[in-house]
Amino acid sequence: MSVQPIVLRQIPVPVVVTPAPSLHVAIITDGNGRWASSQGLPRSAGHRAGAEAARAVIEAAPRLGIHTLTLFALSSANWQRPAHEVNAILSLLHEYLLVETSHCMDEGVRLSVIGRRDRIPATLREAIADAEALTAKGTQLHLRLAIDYSAREAIYQAACRFYKATKLSPETFSDVLAEVLHGGSTEVDLLIRTGGEQRLSDFLLWECAFAEFVFLQKRWPEFTVADLVGSLKEFQKRERTRGALPKEALAGTKVSANSSK
Ligand code: FPP
């Protein structure tokens, strides 16, 4: 099947991208607080601006060949922040779900939340359940918001559950991890982190095993669809060998793991 290049007209200089089918892009949306401080605004204003940046990216994602988009909205480590900031983020996420659910339904976006649900406010928990149920049939994009999410915690929970399972294999472990996470578990193709830091911060440790990483200096509220396009172009330049050799070098040389050396 040939994939047609698409032109993004809302970007000042039209950019042509050939969408790779079925990408999972995960984004660590870092830098909201620093952006707000640089504008003389409270940190909560940075999170609000971050939610706006997310909106534009979510809208553009399906046209760019992205089938799953995972955004880091609240890390379990963020509970260490002052209560007023965590509460502001939780209220913002609640408001976001209430406003965006019908938009997601219109656009064919399936919305899921990955992470723990036992520590967030009950009203947010209910809004998540409603949003997930109402958007369950969406096929254009699977949008996953990571809320009270810790990859280590999820892997640990899955390992505890897995211990009781009879069939033991990495594939069944992935299935158990998907159950623990609620919103599924699929391999990440491209991980983008804004805000200048170059670390994973307990995000999708298992799923990023073979992901390509793009780190950007820009703070999340400054991130635009043009930056997503630029990151996808960078991704397209990378050769993904998953530990094997580049394709040309591989021709006729495949060896199985237990072949004699
Ligand atoms: C990172 O910036 C952002 C957060 C910890 C939480 C909030 C995230 C969003 C609002 C973006 C995604 C939102 C939606 C609704 C999809 P930071 O506070 O760590 O920034 P800093 O490193 O500059 O302090």
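The largest nonpolar core has 57 residues. A nonpolar core is a set of buried Ala, Val, Leu, Ile, Met, Phe, Trp, Tyr and Cys residues joined through C-beta atoms within 7 Å. A residue is buried if 20 or more other C-beta atoms, placed from the backbone, lie within 10 Å of its own. Ala146 and Ile147 have the most contacts inside this core. Two residues are in contact if their C-beta atoms, placed from the backbone, lie within 7 Å. Neighbours within four places in sequence aside, Ala146 is in contact with residues including Thr70, Phe72, Ile114 and Phe203.

This is a predicted model: local features need pLDDT of at least 70, side-chain atom pairs count only at pLDDT 80 or more, and totals for chains, interfaces and linings use all residues. Residues are numbered from 1 along each chain as its sequence is written.

Of the 261 residues in the protein chain, 34% are buried. The chain has eight helices and eight strands. These are DSSP runs numbered from the N terminus, with helices (H or I) of at least four residues and strands (E) of at least two.

Helix 6 covers residues 170-181. Its buried residues are Val176, Leu177, Val180 and Leu181. Strand 5 and helix 5 are among what covers them.

| Element | Residues |
|---|---|
| Strand 5 | 109-114 |
| Helix 5 | 151-164 |
| Helix 6 | 170-181 |

Notes:
The expected span of a helix is 1.5 Å times one less than its number of residues. A residue is buried if 20 or more other C-beta atoms lie within 10 Å of its own, exposed if 12 or fewer, and partly exposed in between; C-beta atoms are placed from the backbone.
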